[in-house]
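I opened my notebook to go through this one piece by piece. Here is the structure I was looking at.

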Amino acid sequence: ARPCPLPPPQLLLLLLFLPGLAAGPAGMLQPRDTPSRERRELGGLWSFRADLSPGRDAGFAQRWYRRPLRQSGPVIDMPVPASFNDITQDPSLENYIGWVWYEKEVLLPLRWLQGDPAPRVVLRFGSAHYYSIVWVNGVQVVEHEGGHLPFEADISSVVRGSPGTLCRITVALNNTLTPHTLPPGSIQYMSDRSRYPKNYFVQNIKFDFFNYAGIHRPVVLYTTPAAYIDDITVTTTSSDSAAMVQYQVSVVGGTASSLSLSLRDQEGKVVATGDGPVGELKVLSPNLWWPYLMHENPGYLYALEVRMQAQVGGALLEDVYTLPVGIRTVHVTSTQFLINGRPFYFHGVNKHEDADIRGKGLDWPLIVKDFNLLRWLGANSFRTSHYPYAEEIMDLCDAYGIVVIDESPGVGIKLLESFGNRSLQHHLAVMEELIRRDKNRPSVVMWSVANEPASELPPAAHYFKTVIAHTKALDPSRPVTFVTDVNYALDHGAPYVDVICVNSYFSWYHDPGHLEVIPLQLTAQFENWYKTYQKPIIQSEYGADSVPGLHSDPPMMFTEEYQNAMLREYHSVFDKKRKEYVIGELIWNFADFMTSQGTTRVLGNKKGIFTRQRQPKAAAFVLRDRYWKIANESSCLPPVITSHSLFL
């Protein structure tokens, strides 16, 4: 069922989505080329059309999915992956809210459509923001709510009947945010006809980044045998001399299936073997997965090869899947965060998936540049503020040893109605999707279920108790947090987290221009939180806007000098408290990023230590000196930078 269009002022009902065909309990293994699987990316130019009808419902009323999109009216070329907002010179598309339509025609190899039994053909989207309905050759195959996680559909039965003909993939995508989406938002109608045009409405949001929309991550067709490895779950434990890799494998299809597993080191040597769907592999003298700058060989990954054989209709089928595995443990005490039993201090950044022109679209040159800057900076960690990042980014975190606090899209949860049961159920489903995708990643050491919610509201207690308990039930191996900016005495969600993550902007949003208040206020912040909860604390955001090239001495707000001065005031307090219970500091932000237009934003948020084009401000050098000094306190050797294309 699709949302039912009604004329304004009931237009919102078109955009309040009915529950879709959400991802079920099936696995969400990242598509890889293996001896039994093929993968084909569908990036490039797609046909695109925004539905500009007053009710945004012409595409459904006229069934644009039933025939090539160009036959419905004017279409333009649109790159995928990319946000659509900044691609054209059309201002109405920049801030467009409603349904847009994408289409791609592809020719599938005959070998994908033949055989007895023929292989499965799966269509997968890395992410599309926010609500997606997908048709193949006019047949609806999947519906998905959420803008930052993958979804897929088995399209074998749809494409098998027409070998040698073009396969038409049509996507209807809606970027509207409501009080019950994640992130939430609201539609405001302007009914005063003396001031606004007919049917005029705006999207209101309670978060400070631009609500980019489009097909943001790769679209992939991939194959598996008719019987296949559906999911793999891995956890690890270790001691001085040995490690245990616990595994669980699920298989779909076929009868009398058998499973064999082999774990190989980076030289290709088999170090452990096993068989069956559940078991444990013992690795002697293991190479542990260590964070960047904590070991001379960070990010060590083994390769777990899972091989399945099964009977399907008299045929013996084999499926092979290789999963990168890092052996590491995580433990939280009242004052420390331990990785492999050693204290770990987060000296890192908050980021955004954001850049000129492509918006939130995945871009390999940008990704590699960002990782080079992170390592130049001496950053060992980041938070995926404020949504899950692309799998391609997470792959490099695993390979480079960059530690990740993996955050859900739970940002801007401010309205009372966003704490109700409908919102809660969706939040639980999103955590299931996130953990299903990232559960095996050694770089992910903690889940964050939200950023800066209105956790002072009474319903926040039940809401976050439920979300955090659900997250822990899905993954008992990792601590769980959410990031707060609420006073320690008023926060109803904080009792349920494992690590306190606090955002504060003393001398910026509070007492603006008064750097002298930072030592007193920041010290009191830390001491009040720790006295109340006896849990380790991360300063999960702090910072100041600076316009590149704007200077003032004495420092004044928005200059590079003021940004430097604020950082140094914060750092002096961090250095006292990290000897006690402060376990990390994450600057806001790694780079300048786009926001909605407003009187306090000049082409976006300027709190980056790098510009949006990834050029350093003065603060980048202040932070670099600090991070390398902290790293050198542990006497780690600088890592050797090598290629990590093995699992990409």
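Which residue forms a salt bridge with Glu585, and how far apart are the closest N and O atoms? I looked it up: the partner is Arg626, and the closest N and O atoms are 2.7 Å apart. For my own reference, a salt bridge here is a side-chain nitrogen of Lys or Arg within 4 Å of a carboxyl oxygen of Asp or Glu.

Two notes on the source before I go on. This is a predicted model, in which local features need pLDDT of at least 70 and side-chain atom pairs count only at pLDDT 80 or more, while totals for chains, interfaces and linings use all residues. Residues are numbered from 1 along each chain as its sequence is written, and side-chain values use heavy atoms, with hydrogens and water left out.

**Entry: the Glu585 pair**

I checked where the two partners sit. Glu585 is in strand E32 and Arg626 in helix H11, 41 residues apart, so I noted the pair as a link between distant parts of the chain. Helices (H or I, at least four residues) and strands (E, at least two) are DSSP runs, numbered from the N terminus. Buried or exposed? Glu585 is buried, with a relative accessible area of 0%, and Arg626 is buried too, at 10%. The scale I used: buried means under 20% relative accessible area, exposed over 50%, partly exposed in between, with a 1.4 Å probe and protein chains only.

**Entry: strand E32 and the barrel**

Next I followed E32 itself. Six of its six residues are buried, so the strand is largely enclosed by the rest of the structure. I then found E32 in a barrel that eight strands close, in the order E25-E26-E27-E28-E29-E30-E31-E32, with parallel pairing. From one strand to the next the twist averages 25 degrees. I count two strands as paired if DSSP finds at least two bridges between them.

I wrote down a few of the pairings:

- E25 (residues 346–350) runs parallel to E32 over four bridges, and Phe346 has Gly584 as its bridge partner in E32.
- E31 and E32 run parallel and are joined by three bridges, with Ile537 standing opposite Val582 in E32.
- E27 (residues 403–407) and E28 (residues 444–451) pair in the parallel sense over four bridges, and Val404 has Val444 as its partner in E28.

I also looked at what lies across these strands. H10 lies across E31 and E32 (582–587), running at about 165 degrees to E32. H8 (residues 460–474) lies across E28 and E29 (480–484), at about 155 degrees to E28. Contact here means heavy atoms within 4.5 Å. Axes are lines fitted to C-alpha atoms, for helices over the stretch in contact, and angles run from 0 to 180 degrees between N-to-C directions.

Which residues make the nonpolar surface patch of about 220 Å²? I found Val547, Leu550 and Phe558. Phe558 is in the loop between E31 (537–541) and H10 (560–577), and is partly exposed, at 34% relative accessible area. Patches are made of residues with over 30% relative accessible area and no salt bridge; like charges are joined within 9 Å, nonpolar side chains (Val, Leu, Ile, Met, Phe, Trp, Tyr) within 5 Å. The areas come from the Shrake-Rupley method with a 1.4 Å probe, and for residues only the protein chains shown count as cover.

**Entry: the open sheet**

I moved on to an open sheet of four strands, in the order E18-E17-E20-E21, with antiparallel pairing. Its edge strands are E18 (270–275) and E21 (315–325), each pairing on one side only. E20 (residues 302–312) and E21 pair over eleven bridges, and Gln309 has Glu318 as its partner in E21.

**Entry: back to salt bridges**

How many salt bridges are there? I get 35. Among them, Asp208 pairs with Arg601, the closest N and O atoms being 2.8 Å apart. Asp208 sits in the loop between E12 (201–205) and E13 (214–215), and Arg601 in the loop between E32 and H11 (618–632), 393 residues apart. Asp208 is partly exposed at 32%, whereas Arg601 is buried at 13%. I also noted one network of salt bridges that share partners, which joins Asp395, Asp398, Arg437, Asp438 and Arg441.
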